[in-house]
Every structure is written in structure tokens, then in C-alpha cells.
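Let's take a look around this structure together. Keep the picture open while you read.

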Amino acid sequence: MFPRPIQQASAPAQTAYKTLLPISLILWLLPLIAVAVFSIKPASDFTQGNYWGMPGSFELFNNYGQVFFNSDMPRYMLNSVLITVPTVIGAVALSAMAGFALGIYKFRSNIWVFFMFVAGNFVPFQILMVPVRDLTLDMGLYNTKTGLVLFHIAFQTGFCTLFMRNFIRALPFPLIEAARVEGVAEWRIFWFVVLPLMKPALAALAVLIFTFIWNDYFWAIVLTQGPDAQPVTAGITSFNAQYRAAYHLMSAGSIVAALPPVLMFFLMQKHFIAGLTLGAVK
Amino acid sequence: MTVTALPDTETPKRGWYKRNEIAVTPWLFLAPAILFFAVYVIIPIFQSFSISLYDWDGLGVARFIGMENYAELMDDSAFEVSLWNNLKWLIFYLLAIPAGLFIALFLNQTVTGIRIYKSLFFFPFVLSQVVVGLVFAWFYLPNEGLLSNMLRLVGLGPVNVLGDPTWATYGIIAAGLWPQTAYCMILYLTGLNAVDPEQVEAARLDGAKGWKMLWYVIIPQLKPATFIAFVVTIIGALRSFDLISIMTNGGPFGQTRVLSFYMFEKALSEYGFRMGYGAAIAVVLFLIMLVFIAYFLWSMYREERGGR
Amino acid sequence: GSHSLSGDLKIFLDTSNPAPRATMEAMIGRFQEMHPDLNIETTVIDREAYKTQIRNFLTADAPDVATWYAANRMRPYVEAGLFEDVSDLWAEPEIADNLASTKGAMTIDGKQWGVPYTYYQWGIYYRKDLYDQYGLSEPTNFDEMKSNCQTLLDNGVKCYTIGTKFLWTAGGWFDYLNLRTHGYDFHMEMAAGDVAWTDDRVRETFANWRELIDMGAYVDNHQNYSWQEALPFMVNGDAAAYLMGNFAVAPLREAGLTDDQLDFYQFPAITEGVAMAEDAPTDTFHIPANANNKEAAREFLRFVVSADEQTVINNGQNLGQLPVNASASIDDDKFLEQGFAMLSSNSPGGVAQFFDRDYPAEMAAEAMQGFQEFMVFPDNLDDILNRLEKVRERVYK
Amino acid sequence: MSGVTLESVIKRYGQTQVIHGVDLDVQDGEFCVFVGPSGCGKSTLLRMVAGLEETTEGTIRIGGRDVTRLDPSDRGVSMVFQTYALYPHMTVEENMGFGLKMTGHAAKDIKEKVAEASRILKLDDYLKRKPKALSGGQRQRVAIGRAIVRGPEVFLFDEPLSNLDAELRVEMRVEIARLHKEIGATMIYVTHDQVEAMTLADKIVVLRAGRIEQVGAPMELYRDPDNRFVAGFIGSPSMNFIRGRVQGGEVVSDGLVHSVSKTASAQEGQEVLIGLRPEHLELRPGSSHRVDLTESLGGVSYAHLIGPDGEKIIVEERGDHRSSDGDMVDLVVDPDHMFLFDAKTEARLR
Amino acid sequence: MSGVTLESVIKRYGQTQVIHGVDLDVQDGEFCVFVGPSGCGKSTLLRMVAGLEETTEGTIRIGGRDVTRLDPSDRGVSMVFQTYALYPHMTVEENMGFGLKMTGHAAKDIKEKVAEASRILKLDDYLKRKPKALSGGQRQRVAIGRAIVRGPEVFLFDEPLSNLDAELRVEMRVEIARLHKEIGATMIYVTHDQVEAMTLADKIVVLRAGRIEQVGAPMELYRDPDNRFVAGFIGSPSMNFIRGRVQGGEVVSDGLVHSVSKTASAQEGQEVLIGLRPEHLELRPGSSHRVDLTESLGGVSYAHLIGPDGEKIIVEERGDHRSSDGDMVDLVVDPDHMFLFDAKTEARLR
Ligand SMILES: Nc1ncnc2c1ncn2[C@@H]1O[C@H](COP(=O)(O)OP(=O)(O)OP(=O)(O)O)[C@@H](O)[C@H]1O
Ligand SMILES: Nc1ncnc2c1ncn2[C@@H]1O[C@H](COP(=O)(O)OP(=O)(O)OP(=O)(O)O)[C@@H](O)[C@H]1O
Ligand SMILES: [Mg+2]
Ligand SMILES: [Mg+2]
């Protein structure tokens, strides 16, 4: 293990390390802590220039109440859920199938189809902006959650397929051969053998895609408008436009918007990190 | 175990699908993904190429103008600024890699609670860039901002990071480095986990210590993690949009634009009606990215040839 | 409403700030009462976002009524055939007679493409208490303006607050400096692309502006702030005045400034003999060409411009702006009264819409960015003007 | 009858041919072992029988039926993989019954067959466990159980024991031998462990580079190899080879103190290789060979000799007298246990 | 002089003690092998000598110097790891020279030493390759080369051959033996393969659960084990154990047809275990044991017998007569080759 376990170091070094840990963490998360503190401050703190001091009064309920009951934030949050969840399901389903096809079968164009997904996954998505917007308009899906969902599914499929295919490829191939010898039909192999084994990958990917989509801002502003369809990232900017310079409310709004992926992260931490590294390092 | 117990399958009575099951199945499984991907990703890339040859305001009729948009780009100082900023992003965003490595090394210990520390250090990556942008914009506020306040403590004047064209881009990059460093850190943490402990021990017997150990033994073994960190960081750098949009909206006077932001501005923003011009910028961005995509695919191809 | 309407009526609004939003919703409520069978659906979109989204919903998911702005700002949509020709409404005597003053701003190619619902004066809102404290009075010419400013600066107060992050506020300063230096006609010649940005007359305008900049008249770091974020400087007394539209009054009052502290004056004269001209942007309602319920939409437009509604929605409790209907009455709000007086009697030069409404979009975008740069780095002027000239040559091709 | 017959079977991967026309007849109920060095095509051949690799040319028959173009599942074979290939998400029971379930057998039917296989393999206590919770040997048994359940005509094993440690390997080897006795099905077994080959096989097929070198019962190959390759491959430690020449009706070699009588087919003057198994050599004090190194395992020790030409020879020693490093010795050869091979073709000279 | 001395060496991981006070003296130039079952502490002990594990208590001396608290690189030891632990990103040459480079030797110097090691290990052709492009045996050689280059006083090996296949293992074993002869350094070698232990060691240390059971030369342990554990551990196949009792001055057992004379220290009436090595047993037709299975490896075969009480006994058979499955036989015991152990303490009764 590198660096050397701190347990083998001298006692002062160990103490130094253990004190340094929380200090560095606080420094690292300072911006975030600031926002959290902002979000419970009263408005008067800001007009009086008390940005970084102790809150003048404790306004947690007021501020968050304002966000939840006096703004469109709940609607935006709901939109985000309605966009994110179907996208996750769709992208994971499509890519599981595609990953299965690319990971298990040998056919001549296999690698090229695979590369198509990989390359597509890495394009700067801005290049898609104009045509995708037009396409969505043409299909009558502009400013609908469906339009956003369809696009996200398609675009995420590139990344997910890369991930799934590598995962499936790392499964022991004899499992598939054993099933074939036993006379199991191909789609049943997918359903009964491969899919159950992909559970960790599915979970990891689902969490990962969830945060990606939840945090998407660019496509939200390209393909949707207004609280009917826009997710919370776009919502937060209009929320901010509304409460410009009302830092306490903006902070509360930002924290509310950031909460679901953060919760997701803490609940599914193991899968999440597995996802990042599986998807990436393989 | 008699022959009669076996299904009578010798004759070519089997259906076409059954006979070609292995050949057909992958395509059935691929069909939906390919369809979606083609419609929303592949075809639009080519459409963008074609739109870039038109003068089109997105409302009326498009007019074919050949390479004129590109010719204009050559002479567009805002484009030049964006290009340089993209370069800055590319270079300085890569700082996330050593920074991530550093933090990973710092955290790669087994003391109580270290898992919590690791996840909290990773935390910024989960936040939306919109939130990160807001947070850092406040952090940088010229008078009230925490940064200025801290500088004041050490006797330095307040700085207006985002208002100063020479510093604004770096300020945004620094904001971007925050989550990106967290990402690289996680990659390196898992990479460090995979470093063969016996090799570290062998190196200790060989007398390698500290930096020498890191440089000669550890870093070379972290190559896969470094490669991925490199890829995601490059992609992140070229895609940077959210932060700029939130933190400076391209300003002051357009000095923090990058290509992706500039094309959005030209094509879809309040005063932007030039779809063709925007598409041309996107194409340039795509071509830059293509260098990296090609490199990535190439190294993947090399690996694949070794595989199954 | 003479007869009852039915079906759906989709209305898109960009009045996202709390006060205007409430005003509009209340007005729509009254319209709803008159037409109970009509199913009205209102969508309020963030004002900044609205500006980019309008072209999408006009082509795709068109509402029946949408807010927008007059003059050049509506030209792209008119030319793309996305707005309904409402010349028929303008032919109705009720409108023809009462809205004559704004007809020009709504006219392109001899047809009218919408109706105005409000307009407002621009001018300088200032802290009367601070002026009094330092013994200053409302300036009437540039020299007074500068000397006032110097006094304030000597006392550690900035003369003007401004937030140029979203650029357009700088456009207001250019408008006024240019209108006062060379007059309305020159300003409009420039808008039409007939004057080079490198023209000496243009440089004169910038030279005047530079005097203010060099004095340090503006708050520092204005490039970081939106117009709302610049308000606290004035509220806190760090800056004494704000060149802004009348919509700034509401948030300033909300922030605690009383009418004793807050006052208004017309932007002072610069070049002697140049007739005073003002910016008075007009906000408008349009019927998208793709609307479904154009009958109801027309009825709604009639309703909006009616004298009664104009009186209500523009009063001090609501928009706090000026009614477009000549028969409407103006609220007894001191700013509205001053504004109305100014526009009706003291702007012989003419009334402009606003920089980004009078100038073509692309030109406006580049120019306002240049203004911002100029305000931070006045030395870059030559460079900026050359750049703008290049854009002009392309845009007005 | 359900033997397996290969007729001129050829396998090509693109341009490279890896199986060069193999003819083989495995009798019903026979235990046939494929051995050969790594990469010689053992697995490929086995997988062709299973139907997992397409047969490029030739015919494969199982129980008389031509199965060359049939799907794996239609051939009536079961296969046990080197890595067991157990479905990790299913219990032992489900693993064994999975094939039957997928091909639409009744649940009761499946249960019965699984129960029987589990009885044979003593897996009753583990039926509800997942493979992860089993030891290597138990996993191996489940893999075999899964093969049994389908009641195939032919069992195919691809190095089934190579992932087990030495001790378990011995144990499972004995168990497979018992299983074969008990169910009597035809079995084809790939291994590179020659102890397994020798102890399990009714018939050993020695492969080299995609060709069959020799087929026969284990002791047949040990006693009567057809060529140098087979002779060297079967038996451990390997047979020693000494260069020699046929001269005056006898075989002479610098490595041997005395010449020995030649065999019938050796020609006068022919260059030959003399094959001598370590266990058939004796040492006596002498001068021709030097003991370079001795390794003692207790009951037996191996003396590594260096001959006059520098060739290396291993001699097995038992009993109480063992030579020690540096001794000079002569080789005593028992002519009955000597093999002659042509030095060029490496074919046996009988 | 550079022997290794351990004095009351103890290792604890937190609360659990895994080495319980080991005293050991390895002479300069000696080849010392640690054997023992998995988890007995072989690796731990070796790594304590290397300095890779801290020594909780006790003293370790190398060449007389107390190195207990020294850094690994300052102890003058080199280690060869089970997985070779070659640096994958360096060529063979760089791998071997890395240690010298780290300690600041001149490039020329390094080159020379690498060249010499590479000559000894015949690695000249591979110097520019990366480890990935080498076979297992070659990698092993590089690992050894890396150890040699540093010119240590003591070589430490932790199961260096366990990742090689059977054939290569034999080859490399011989090579390590040669290397020891050639450079004559002190070597400590961990293995669980008793053939390696027997053939390589000057001195075998048998460990069990963190304690030394017996230390001695290989044949000493084979011929004169101190207890049942050592007796069962040394020798392959393992010694057979039959329960017996001392009765009337003789040892009687159901498993033996005839009773045999007891040894001096066995008490009348004592329950004993009779240890019999497979190679020291002979069979003759009889009735006490049934031949359950025979395995023939050519020169030798093993008969698996089942005794009257169901106990299993393995007998090695050579020569032309071999028994076959199902034969009923009796065991013929040579009293000289019989060991007695106390049934309870399992100590040898001499
Ligand atoms: N898919 C393939 N494409 C090309 N060549 C292949 C392929 N699969 C196997 N081969 C080649 O076929 C030959 C036989 O391989 P096979 O796996 O049958 O050997 P084996 O005898 O089983 O070896 P081992 O004992 O190592 O398992 C090898 O030379 C191998 O390189
Ligand atoms: N880091 C550790 N913490 C706690 N116990 C440990 C640790 N490392 C080893 N042990 C314990 O110490 C004992 C000896 O382990 P060691 O690795 O030395 O055994 P070994 O004889 O080398 O076994 P093997 O033959 O399997 O390599 C084992 O019981 C093991 O569980
Ligand atoms: Mg094989
Ligand atoms: Mg060990």
C-alpha cells in the first residue's frame, strides 16, 4: 500500500494526520458550507453586509418554506424526477441490450458498432444542439419532458453501452457457453443468465445516470422552457432571476436542487463509486 | 439414454430464426439502441456539418453560403478569444489530475472514518454545475466574497476575479477544478487500491522511498487511472458550458467565452440568430475533440486486439 | 366582451418579477370573469429565458397570446411570419384613436403586429436625501452633472450605480449620452446602420462618457452585477443615482427607500440646442401566427388596451408604469406623473424604444458588449469601435 | 450406442488451421482423454464435439447421428468447464435444474433428476447454497451434477481439475473415476496433467499441433510409444534421450558404457535416439557421467547426470544406496526397457 | 559471516499473535526452507526477516548485526515474491537495475551487475522486453535476477514457484539449486510444496501455528520425525497412520496381520499410532484389506486400500506385479521402517 500506512509512522505524525484530515475537509468543502450557512440566514444579514459571519437569526424554516411553498421549485423538482427516472430506465435498458449484443457475440462489425457508441459518447454535445432542437420541434416534443427524456436516453446510451459492454465482456464466457450447451435460447440467456449477473453494473449505472441527468443544464435550456417541463437546474436559474441578490433564498433553492443526487450518492455510495470506476477504468 | 429420447432435430425443418439465431440475435438486441443513437447523435453530427454551410436564422429559409461561415470565423476576434480560452481550459483543467492524485494519496490510509472522508471529499462531483457555479460566483464576489475577505485577512486587497478579463477564465476553471479534482481523486483512489502491494514491498527492498517510490513505481502503475482521468478531463474541458453560463455569462465583454458557449450564444441566445455560424463553431469544436476521440479509440482498439 | 368566448386560451408572459406577475395574473383573472367558458392557461417564464425561448414556442408550441417588445426587437419574428397581422384591430376606432402614439413602434412594412400594454420612462432615479445632505440639486446640464458627481465622490459616494453583467444597462447610458450629444435623428441613423461606428461624432459621445468614467462616477466592478444586484449600492447609500427604467422604483421601495428619499430627474442636456429625446420602451402583446384561438386572442388584446385595464395595470400598486391608452388615467404616483410629464411635454426630440430594441439584435449584442468593455477599459475604445464597425458592415449588408 | 466418431475433422480460424484432419473413434462408454502440450488443440477439438466451435470440414457423429451442423443443445452432450461456469446467482439446485427448466421440463421432473444427481455426488447438504459458498471441490461436483442432470450420451470435460489444489485434485480425480464406473456414459476429458491421463483413461489421445500422434490405453502408450514425442510426453520424470548410432548390428553411444543390441527395424549406420526412462536406469561407480545434482524426496531420489557430451540424464534411485553430487558413475541399461527412435523422423524403431 | 539469527521472535497483529517466539539459527551460506500448512506463519516470519513486517518482540540478526528495527533496504536482503512483483512498466534490464539506481549507483556499475546476473540466469535475449512479454519461468528468473543484482547477504524466497506449471516448476527448482551452489549466499525459502523442500533444503524448518515443530536436514526429518505432524507432512504420498496398542511388549493393530515389536519408550497398554510410508509397505494376497482403486503412472502405481476398520491406506507398488481393483490383500510391514507415535500427544515414541 502506498503511501505507507500512517499507523507505522511516529505518534506525532499520526496525530498531525488525524488533525489535518478534518481541517482539510473543511477547507475543501468551504464553499458548500458557506452556502449551507447562507441558506439559514435572514435577508437582513446580507443587506447589513454580514455575509460570512454568524447568522443573525435562524431562518431555516422560513427560507426553505419560501422555497417549497412560495415558488415553482416543487414543480421543477417534480419535473426533474419525471425526466430523470424514465431516462435512467430507458438508457439502462437499451444499453444493457446493446452491451449484451456487443459483449457476447462475435460478428464482423462488432467493434465498429461499439466504437460508434464510444465516439458518439465523447462528442461535444453542443454539436448536436441545433439539429436536435429542430428534430424535437419537428416531432412536436419541444418543451415536453418526453422530448428531453428521448434525447437523454439516446445520448446516455453511448456511455452506458460502453460501460455495459465492458462489464459483460468481463463476465466468464463459459457461463454463456454452458447455457448454450444446455439448450437455452439466446434471449433467455440474456434474461436469466446475463441480466441477473449485471445487477451491480445496473445499479451503478442507474445511480450514475441519475446524477448526470439530474444535473443536466444545457439540454434543459435548449429543449424546454418554463415550469411545465424544465428540470430543477434550469428552474434554479429562473428562481435566482426572481430572487436576485436574495442570497439566503438562492442558497436554500440551490441546496434543495442539489439534494436528490446527494441523497442518491450517500445511499448508493458503493454502487456509485463502483460505477465511476467500472465505467471508466475498464 | 436412448437415441429416441432425443428431439428430432436433424432435419432442416427448423425455422429461419432458429437456424440463424446466433447471427440475428445481436442485431435484434442492438436495434433500439442503434436507432436512438443514430437519430439523436449520429445523424445530427452530419446535420450540423451541413447547417454550417448555410446562413439561417432558425426561423426563415436557409440560404446556402458554402464555406463563408468558416471564412468569417477566421476573422472573428470573439472566436479567437473562445479558442484561446478553450486552450486555457484544456491546459489548466488538467491540473485536476495531479490535484486528484495528491488528495488520493493523502486519503489512502486506513484510519477510522476514512470512508466518510473519502466520500465527503468526493462530494463536489455530485453537485450540479449550476450550483457549483453559483457557489463560486459568491465566493468570488468582489467585496463581499469569501475570497476577498480571506485575502483581506492577509493584507491583500480585494480582487474581482470574475470581473477582470485576465482572471475571469481562470476563476471559472478553478471552480470547475473543484468537482473535477474530486472525480480524479476517486479514480486514483481505486487505482491505488489496485496497485500490487508486493511491488511496493519489492520497491521498498530496492530502497525506493517517498517521491522516488511515487515517481518510479506508483505513478507508472496508475496509468489506467491516469488515462481515464485524462479522457474525462479533456472531455469536461471541451464541454464546459454550465459554469460559464452561470458565473459570467461569457463576460466581462466576452472574455470568458469558450467555443461551446460562443456557439450557443450565436445560435440560440437572446441576440443570437445565426444557426449556421453556430454550427460552424460546433464543427470546429468537434474537430478538436476528434483528435482526442481518435486517440482514445485507437488505444482502445489496441487493447481489444489482445482481448477475446 | 360583446359575445362569450369558449375554448382554450394559452397566454405566455415574461413578467416574472413578483409585482408585474401578480398584476398580469390579476388582469387575466378579470378577463376570465368576463368569459367564464374560456379555459385560460397562463405560463410565466423567466424574463431572461423568455428572450431565447420565444422563437422556439412561436414555431413549435405556440400560445395564443405572448408578450414581447416593440420595434426592431419584433422584426425577426414578423419577417419569419410568426406573428399575426393585427392591423384589423388597429383599424377599430377604439384602438386607432387611443393608441395612436405607439402605432409607429408596432408597425413594420405598414402593418401592425401586436398591441402595447405598457411603457415607461427612463431617467435618473436618485437619493434625494443624499443630494440634500451634500447640497446638490437636480442637474440640468452636463457640467452640473459632473460637478454634482465630483462632490459626491469627494464624500465617498459613487455617483451612479449600474450592473452590466447582462450588458443592456450599459445600452441605456449609451442611448442617453448619444441622444443628448447628437440628438434623436442621429441616434436613429446609427440604428439604421447609416453611420460608421468609427465616425467622429460617435467618438464625441464616447468622449463625454469617458469623462464620467475617468472621474470614477460608476460603482466598481459593475461588470459582475445584474441590474438587481446593483440596487443595494443605492439602497445602502454607497451610490447616489441610477439610470434606469421606471420598473426600478418597485424594488427600491421594497428595499425600504421612501418617496422622501427617492426622486427622479430627466437626463440632463449635454450639447446645447439638441432637442431632448427619451427612451421609453414599450412592452407588447402579440398573437403568434400559429395560435389556435385567434378570436379569443384578439378579444384579449382589446381587453388589455382598454382604458380601464390600462388604468389599473399601470398604477403604482401594479406595474407602476405608463398606460398606452390616451383615455386611461395615470396614477398619482410621483414617478409616473413626472415620467408622463416628461414624455408628453419635455421630449421634443422624440421617443426611442431602447438600444437593444432599436438596433438589430446582432449589432446590439456586439455593441453592448463593447460598451461594457469601454466602461471598464476606456483605453480600448479604438479597438472596440473598429470591431463594431466590422459588425455593422456585415449586419446591415 | 452413443460413441463419438470424428472423420477428417478440420478447424480453421480465418487463415490459420489449428486442427489438421483428425480421425477418432470413441467407443460407447469409453473414457477418452486428450493430452498434449498447451495450444495443441485439445480444447478446440472438444469444443467442436460440443458444438461450441463450428467444424470447418469433416464429420462428427454422436451415437451414429451426424451432428456436425447441429446446435450444441441438440447433440446430447454435456460439458464441464475448467472454470465450472456455475451461474453465481442461482443455488446449487437451480444451477443443476436450469437447463431442464429452460427447455420446458416439468418442475417435478426436474426435481427428481436433480435429486438423483445430488445423491450420486453427495451434494444433498448444499442444494440451497450459492456457488460462492462452496469450496472448489464442491463447485466442481456441482458442475458435474449439472452435466449429469441432463442425462447426456456424452460427457465432455475441459481440464476440470486444473483450478483445484494438489490435494483436492487427487480426490476429485478418484471421484470422477468412480462416476464413470457408476453411470458408464461416454466421456471425453481434456487435461495436460499426465497423472490424470494415466489414471483415468481407457484411451489416451496424444495430440500435437492439431494432429493425433498416438491413440491407445495408458500403459500401452507408456510401454510402446510410437514416437519420441509420445515417449517423452507420457511418464514422469520424462524419458531421457541419448544420441547413438547403429554400428555393427549394435547401437553404440558415447553415453553408454556398453553397446546394446539394435532392434529389428534399425538400419546399419542410422543415427538414432535411445530412450531410457529414469525408473529403468541403474548407476554404478564409473567414469562416463557426472552426478550434477541429486534431489531426494525420501523414498525416491533423482540424480541429475551430465553425460560425456554434456547431455542431461535423470535417473531415479530408490533403496538405500543413493549417489551424491559430484560422483562419477556409469549407466546400466536394461535392454528390455530401451526404446530406439530415428534421430530425424523421431519415429520409433521397433 | 552473514547468517540469520532469530531470537524469541514474536509477531502480533493487534490482539492476535501469529508467531509465538521463534528461535532459529541459519548458517552463513545455508539453504533454509520453511514449510508448514497454510496460515502457519511462514510468510510472516520471512517478511519479518525482510523488514516488511514489524517484529513485535525479539531480535533478528543478519551477519551478526541487529537489524530488528532497520528499514528493509538497509538489511542487506533481497526478496523474490510469489507473484514476482516485477515492475510492469520497466524492461527486464530496468527491473534488475532499479534497486541499484535507487541507491545511487553509477549507470556503468549498474550495467555491469545487470549483465552479470543476466548471464547467470541466461536472460541476455530478454533484457529489452517488458515482463508482460515473458513466460512465467522467464519472469521468475528476472525476479531472481533482480535479487542477485543487489548482491545481498541473504536471499528470501516466498513460494517463488507456486505460480508456475508442473514442468516449469521442476526446471526452475533445479535452477535455484544451481544458483545457490554458484553464489553461495544464505537463502531462506518458503514453500508448501514438500518436493521443493526436500530437494532444495540444507535445513528444513517445519512450522505449525506460529511455532517451530522440528528443524533438520531433509532426510533427517524423513527418517526421524519428532512427531506425527512432521512425519505426515514430510514424504509424498503421506505416511499412513494406523491405530494400535502396546500389548505384551508388542504393538498390535487390527490393520496388521502380525504384531510388531514395540520401541523402547512405548509403555505397555499405551494407545499408539503406527506410521507407515506408502513406499515401505508391501502387499501379499490375503484378506485384511481390500484394494479399492489402483492408479498406475507407469513406473509406479498406487493402490488405495480399505482396511478392516474402514481406514484408508495407500501403498506404492513398482515392479511388474501390481494389484488390481477388488483384490483382497494383507499388508507386509518392515519393522525398520515403522514409526510409533503416542495417540494423544502425537509425539514420536522412539
Ligand atoms: N478464436 C481463435 N482464433 C484464432 N486462433 C485460435 C482461436 N482459439 C484458439 N486458437 C488457436 O488454436 C490453437 C489450439 O487452441 P486450444 O485452446 O484448443 O489449445 P489447448 O490444447 O486447449 O491448449 P491449453 O492446454 O493451453 O488449453 C492454439 O494455437 C490457439 O492459439
Ligand atoms: N495483516 C494481518 N492481520 C491479521 N492477521 C494476519 C495478517 N497477516 C497474516 N495474518 C495471519 O497470520 C497467520 C500467518 O499468515 P502467513 O501469511 O504468514 O501464513 P503462511 O504460512 O504464509 O500461509 P500460506 O501458505 O497460505 O502463504 C495467518 O493465520 C493469517 O491469518
Ligand atoms: Mg485448453
Ligand atoms: Mg504465505
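Start in chain E, where helix α1 (residues 42–50) lies across β1 (4–13), β2 and β4, running at about 115° to β1(E). That is a predicted model, in which local features need pLDDT of at least 70, side-chain atom pairs count only at pLDDT 80 or more, and totals for chains, interfaces and linings use all residues. Residues are numbered from 1 along each chain as its sequence is written, chains are lettered from A and ligands numbered from 1 in the order in which they are written, and side-chain values use heavy atoms, leaving out hydrogens and water.

Helices (H or I, at least four residues) and strands (E, at least two) are DSSP runs, numbered from the N terminus. The angle, on a scale from 0 to 180 degrees, is taken between N-to-C directions of axes fitted to C-alpha atoms, for helices over the stretch in contact, with contact meaning heavy atoms within 4.5 Å.

Four strands of chain E make an open antiparallel sheet, in the order β2-β1-β4-β5; strands pair if DSSP finds at least two bridges between them. β2 (16–26) and β5 (65–66) of chain E are at the edges with a single partner strand each, so one side of each has no neighbour in the sheet. In chain E, β4 (residues 57–62) and β5 pair over 2 bridges, and Arg61(E) sits opposite Asp66(E) in β5(E).

| Side chain | Ligand 1 atom | Distance |
|---|---|---|
| Tyr13(D) | nitrogen | 3.3 Å |
| Ser38(D) | oxygen | 2.5 Å |
| Lys42(D) | oxygen | 2.8 Å |

Terms used. A polar contact is a pair of N or O atoms within 3.5 Å; within protein, one must be able to donate a hydrogen and the other to accept it, and residues adjacent in sequence count only if both atoms are side-chain atoms.
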